[in-house]
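The exercises below concern the model shown here. Each has a task sentence followed by a solution in steps.

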Amino acid sequence: MSCSSLPHFATAPVAQSLAKAGPRSRWGQVSPLALALTLCGLPLTLVAAPALANPDEVRLSPVIITATKTSQPLDQVPESVSIIDRDQIEARQPQTLGRLLEDVPNVSVGGGPRGIGQRVTIRGVSDSRILFLLDGARQNFSAGHSARFFVEPDLLRQVEVIRGPASALWGSGAIGGVIALETVDASDLLAPGQTLGGRVRTGYQDANDQWMGGLSAYGRVNDQLELLVDLNRREASDIRLGDGEDLRHSGFERTSGLAKGTWSGDDINWFSASYLGFDEEGEVPSNAQIEATPETLVDRTTRQDTLNFRYWRDDPDTPSFNPALRLYRTQTRIDEARKQDARRDDTELTTIGLDLRNTMRLGGGAFDQLISYGLEYYKDTAAAERNGIPRPSAPDGSQQIISAYLQNEILIGERLTLIPGIRFDQYTGKLDQASNETNEDSAWSAKIGAHLRVTDWLSFQASYNEAFRAPSLSELFVSGVHFSCGPGCQNRFVPNPDLKPEKARNQEIGLRLSQRDLLTDGDRAGLRAALFRNDVEDFIDRAVIFTPRPMPGNPGPGGVTTQENVTDARLEGVEIEAIYDAPRWFAGLAYAQTRGDNDTTGDPLASVQPDEWIARLGLRFPAQSLETGAQGRFIAAQNRVPEGVEPASSHQLYDLWLTWRPDRPLAGLSLDVGIDNLLDEDYTPYGSVLQGPGRNLKATLSYRF
């Protein structure tokens, strides 16, 4: 894996990435030399990439759009951002999004190996406090022990991970960070000069006897219209764990599809529309994070549909007027039929949203500004039934948020970049039309970031970011029975419509070193280090009060359960990443540590993951179009836990991979082979009650024509 194959290096040409991102900035038009100056001193995710046909090939810093909402070279962004590109996704062959994310430093995936139950943690901040975006559309679904949203990894072009608060641009939910996924375009798959193409693929993974197949068709008409249709199917049996036993009722059948079109009549005004569908069926426990029992087993169907429309204008002759508009609708529905008694639970969340913004390029010479401002609106509508009757434990209701934001990217000379920003959000949560219960509040979120390039090989970063999370409908209005405690004894939910939003303030400093031709011609070396502190206020937590006596909210025995703003917390940590990339070999090393404490009680936070080292070493053979490598993940024991939380033992995971991308006469053929958990380690990740998967041999063969 080369320096260019680490997640902060996109494989698409910069100009192509800019065209997809929308309005271009001065930074998106700098020379290739300037883009490459700090090439290797950035966040990395240790995943594989294909061999380079040319051993002296130099890839440029990718352009991102999530961290700044503009097309910005990643090596000028003050925040900690990782990018996983298309080549890495193909080489990793992930069955789930979680498998792709767990190699990002300070990002962990819990909940067990079932994809529908996996939950993500970033720097000790748990899944419900992370914002997920799919082609810019918010994915706000949240239900109990379920994953937040569902996607087929094979349909993704890029994954961008922002570590740390980001509400100044993205609003509610971005306390821990942002995970932004982009689906493939026709231009990602078309070869140079090609106007019409297709792709067929098949793959197998032996840990769960899984077969995958896919078919794509795509093309470009007169350089004005691009079209893509992509279908994918997976069928899997139960997952084999590290102890050799199978995780019963973990198999699934999944069908996914993507249809997308992009059109421009003048290369200035661009229009894009897409549909992404996901459907997975399986016989699983109602809580997918635990072992299955006859009492909990359900037939579950998970369905997610996302419709997305975009317009953007990109005209260098009108630098003050480059608007962009996004309209989207996401619907997530989970239907469960309990095997024991045929009880049926249906849960649904529909999100509609609009994001309208304009980008202005001002100044020139030694002082440039890129000003972005806009309005955002989205509305979540929740509905849930049990046997056709509204379910109080998942209340029907709606929540809408209206926002305005402003950001200014200021380039002073050629070495200093400042990025201040501010956002205002007004939100309203309402139980249903028959109720007067509402929750209304507002929040301001600010940011300031600085990137100083001292020399061509040394730069410093500093940032301050605020974030907030509005309480969810289930936190505000949940009611009904929480659990039974014997004949005539029930613990009951009590709504709390007066919850305040959670708030976070993150401070971060860092440095990046990068050098070309350090030991030999064509090599690259880089080091990145960052220190952060995230102070979180008004954490919303579930308080369970059990008593045999009647109390307000429950006239009988059993007590009550309610949501309260009970906790202030501080999370501090460090990330250190180093890479070396030579024409014939490469190496990387990363270390991530987070410490978190409850400021109210002084106890450690249960959500903080253990320390982790990630090491990587590999070789490439350009003449044979081969690349092979090995990765080791070394996860420390986690004994720093609050009372009542199970500690976790240390474990080590080793992976191998090989990629083959032959030239003519086999151009278009692609083979990816890998082994996950090479030593068949028997381990249980911290925060999970289920063991991790055992050794997994996998291979994917595809052909583009």
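**Exercise 1. Locate Ala 174 and state whether it is buried or exposed.**

Step 1. Ala 174 is found in the loop between helix H5 (167–170) and strand S9. Helices (H or I, at least four residues) and strands (E, at least two) are DSSP runs, numbered from the N terminus.

Step 2. The model is predicted: local features need pLDDT of at least 70 and side-chain atom pairs count only at pLDDT 80 or more, while totals for chains, interfaces and linings use all residues. Residues are numbered from 1 along each chain as its sequence is written, and side-chain values use heavy atoms, with hydrogens and water left out.

Step 3. The relative accessible area of Ala 174 is 0%, so the residue is buried. Buried means under 20% relative accessible area, exposed over 50%, and partly exposed in between (1.4 Å probe, protein chains only).

Step 4. Not counting residues up to four places away in sequence, Ala 174 touches Arg 129, Leu 131, Gly 164, Pro 165, Ala 166, Ser 167, Ala 467 and Phe 468. Contact means heavy atoms within 4.5 Å.

Step 5. Glu 466 is 292 residues from Ala 174 along the chain, and their C-alpha atoms are separated by 9.1 Å.

**Exercise 2. What is the strand order of the open sheet of 5 strands, and which strands stand at its edges?**

Step 1. The order is S3-S8-S9-S6-S7, with mixed pairing. Two strands pair if DSSP finds at least two bridges between them.

Step 2. Strands S3 (80–85) and S7 (137–138) stand at the edges; each has a single partner strand, so one side of each is left without a neighbour in the sheet.

Step 3. Inside this order, S6 (residues 130–134) and S9 (residues 177–183) run parallel and are joined by 5 bridges. Ile 130 has Gly 177 as its bridge partner in S9.

**Exercise 3. Trace the pairing of strand S22.**

Step 1. Strand S22 (residues 397–412) pairs with S20 (residues 367–386) in the antiparallel sense over 16 bridges. The bridge partner of Phe 367 in S22 is Ile 412.

Step 2. S22 also runs antiparallel to S23 (residues 416–430), joined by 13 bridges. Ser 403 stands opposite Asp 425 in S23.

Step 3. S22 and S23 form a hairpin with 3 residues between them, and Gly 413 in the turn has a positive phi of about 65 degrees.

**Exercise 4. Which residues have the most contacts inside the largest nonpolar core?**

Step 1. A nonpolar core is a set of buried Ala, Val, Leu, Ile, Met, Phe, Trp, Tyr and Cys residues joined through side-chain atoms within 4.5 Å. The largest has 29 residues, and those with the most contacts inside it are Leu 101, Val 159, Ile 179 and Leu 181.

Step 2. Elements giving two or more residues to this core include helix H4 (97–101), strand S4 (107–110), strand S8 (156–163) and helix H6 (186–189).

Step 3. Leu 101 touches Val 107, Val 109, Val 120, Val 159, Val 161 and Ile 179, not counting residues up to four places away in sequence.

Step 4. Another core, of 17 residues, lies apart from the largest one; among its residues are Ile 116, Phe 141, Leu 499 and Ile 540.
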